[in-house]
Amino acid sequence: MLTNHTKIMHFFSVVGKVTGRKKLQKMIYILQACGIPFEEKYHFHFYGPYSEELSLRIEELCNLGFIEEEKEEKSNYFQYHYQVTEQGAQFLQQFQTDMPDFSTQAHLLLNKSSRFLELVATMLFFKDLPKEEVEHKVHHVKPKQNYSPDEFKEAWELIHTLKQ
């Protein structure tokens, strides 16, 4: 088993169940941007930072029976739920995962909406820009989301909290 696959399984052992592919992508990206050593490569996509590597790892872990993907049909789309299987938990116990404790940060993210995590992840994608330019860039690349000043304020506060 590759180290990065084990790190993803460890993530699920910390958070339990994650609902939504977008939420999963954003949670891993945000944790990575805040110094947690996930190593997936991200590029900017429709919903902000996206990692094909993460999608492939999740698919491989599902195929191995270590992660369960539950597909729920909604009115006009499918929603996906992910969690470690019993087989995955047993496998994970056999390996030492060299990861810092990120449970507090992960649970903060788990309680946020996918839309809000998309904002935070997009802001972090442009983290090398000054604060005002980050907000301008987010409005430019995500005009349909129409994020409010209060949402930006909450996102900056969350980023600050996560990096402590």
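User: What percentage of the residues in the chain is buried?

Analyst: This is a predicted model, where local features need pLDDT of at least 70, side-chain atom pairs count only at pLDDT 80 or more, and totals for chains, interfaces and linings use all residues. Residues are numbered from 1 along each chain as its sequence is written, and side-chain values use heavy atoms, without hydrogens and water. Buried means under 20% relative accessible area (1.4 Å probe, protein chains only), exposed over 50%, partly exposed in between. Of the 164 residues, the buried share is 44%.

User: In what order do the elements run from the N terminus?

Analyst: Helices (H or I, at least four residues) and strands (E, at least two) are DSSP runs. The chain has eight helices and five strands. Their order is α-β-α-β-β-α-β-β-α-α-α-α-α.

User: Which residues touch the most other members of the largest nonpolar core?

Analyst: A nonpolar core is a set of buried Ala, Val, Leu, Ile, Met, Phe, Trp, Tyr and Cys residues joined through side-chain atoms within 4.5 Å. The largest one holds 48 residues. Those touching the most other members are Phe-11, Phe-12, Val-15, Ile-30, Phe-38 and Phe-102.

User: Which residues does Phe-12 touch, not counting those up to four places away in sequence?

Analyst: Contact means heavy atoms within 4.5 Å. Phe-12 belongs to that core. Its partners are Val-18, Leu-24, Ile-58, Ile-67, Tyr-82, Gln-83 and Val-84.

User: Among contacts between residues at least 6 apart in sequence, what share joins residues at least 24 apart?

Analyst: The count covers contacts within the chain. The share is 65%.
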